[in-house]
Amino acid sequence: MILPVRHFVVGYLLPHREGGAAGTKMSESYDFLFKFLVIGAAGTGKSCILHQFIESKFKQDSSHTIGVEFGSKVVNVGGKSVKLQIWDTAGQERFRSVTRSYYRGAAGALLVYDITSRETYNQLTNWLTDARTLASPNIVIILCGNKKDLDADREVTFLEASRFAQENEIMFLETSALTGENVEEAFLKCSRSILTKIESGELDPDRMGSGIQYGDASLRRITRQPQQQRNPHCTCG
Ligand SMILES: Nc1nc2c(ncn2[C@@H]2O[C@H](COP(=O)(O)OP(=O)(O)OP(=O)(O)O)[C@@H](O)[C@H]2O)c(=O)[nH]1
């Protein structure tokens, strides 16, 4: 059965609160917008990670995602407000053709496996290849070994996963959507890396399909600057 894609999209659009570790805001004013993906095998906790990040609580009775779900949050990264537009994709193979259509132009991704399931870890190379091929070769990826709270059932060591991350030039953290440990940090770390690449000129927000857009706040600052400083890269410092 093939349903139109829009039927799969569930919104998490919540009011952006002032304060908190991420420093979110009431208004929709932000410096940058980054498109993010959450990818990885079924049952690894992708939806729970997104829910924990946005609502700061564990999603009880999470069921398999059908297609994609959507969440959005404004965070403060290195003095810049960044709106993260996050697509949580289904891990089940039968939704792969739908989820793949959401990869295009993503700036960042959380690649999730379950530390208690070697099977989910063994699939990482396929997910990584998909992300780099379908989103962008420059996509900034953070590997998340989720369910860190289930250490007694661990099947994948921290060391081997960190070696995998190093070999594949991606960042790495172990997370727990249940306790919230490192969940926000994963999104912030990935966002920080994207911002650094914008600053260094490695990523160009003006490039089509970069997954990055200037927000109102950023554009306002550019137009206020003297003519000789109107280089978008200068706005990130
Ligand atoms: N103990 C523990 N359980 C978790 C954690 N994260 C998720 N779970 C459980 O793992 C199961 C799958 O979580 P989901 O978030 O639905 O997994 P998913 O990756 O979104 O799955 P798909 O939508 O099928 O791709 C659920 O039973 C969750 O309660 C975690 O950090 N710790």
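Predicted model: local features only at pLDDT ≥ 70, side-chain atom pairs only at ≥ 80, totals over all residues.
**Helix α1 and its surroundings**

Helix α1 is followed by serine 56, a residue whose phi is positive, near 55 degrees. Serine 56 belongs to the loop that runs between α1 (46–55) and β2 (68–77). Because 14 C-beta neighbours lie inside 10 Å of serine 56, this residue counts as partly exposed.

Of the 237 residues in the protein, 43% are buried. Among contacts between residues at least 6 apart in sequence, 73% join residues that are at least 24 apart.

Helix α1 itself is largely enclosed by the rest of the structure, because nine of its ten residues are buried. These buried residues are Lys46, Ser47, Cys48, Ile49, Leu50, His51, Gln52, Phe53 and Ile54. They pack against the strands β1 (32–40), β2, β3 (80–89), β4 (108–114) and β5 (140–146), and also against helix α6.

The packing of α1 with α6 can be described in detail. The two helices meet at an angle of about 90 degrees, and their axes are 8 Å apart. Helices α1 and α6 are therefore roughly perpendicular to each other. On the α1 side the contact is made by Ile49, Gln52 and Phe53, and on the α6 side by Val183, Glu184 and Phe187. By class, this contact comprises four nonpolar residues, one polar residue and one charged residue.

The ligand is surrounded by 20 residues, of which the closest are Gly45, Ser47, Ser62, Thr65 and Gly91. The largest share of this shell, three residues, comes from α1. By class, the shell divides into eleven polar, six nonpolar and three charged residues.

The loop between β6 and α6 holds two further residues of interest. One of them, alanine 177, is placed in this loop and counts as buried because it has 28 C-beta neighbours inside 10 Å. Leaving aside residues up to four places away in sequence, alanine 177 touches Gly45, Cys48, Ile49, Gln52, Phe58, Asn146 and Val183. The C-alpha atoms of alanine 177 and alanine 109 are separated by 16 Å, and these two residues stand 68 residues apart along the chain.

The other is asparagine 182, which lies in the loop between β6 (171–174) and α6 (183–200). Phi of asparagine 182 is positive, near 65 degrees, in a residue other than glycine. With 21 C-beta neighbours inside 10 Å, asparagine 182 counts as buried, whereas serine 56 counts as partly exposed.

Just after α5, glutamate 169 takes a positive phi of about 55 degrees.

Key
Residues numbered from 1 in each chain as written. Buried ≥ 20, exposed ≤ 12 C-beta atoms within 10 Å, placed from the backbone. Contact = placed C-beta atoms within 7 Å. Helix = DSSP H or I, 4+ residues; strand = E, 2+ residues; numbered from the N terminus. Near = placed C-beta within 6 Å. Nonpolar A, V, L, I, M, F, W, Y, C, P; charged D, E, K, R; others polar. Axes fitted to C-alpha atoms, helices over the stretch in contact; angles between N-to-C directions. Parallel < 35°, antiparallel > 145°, perpendicular 65-115°, else oblique.
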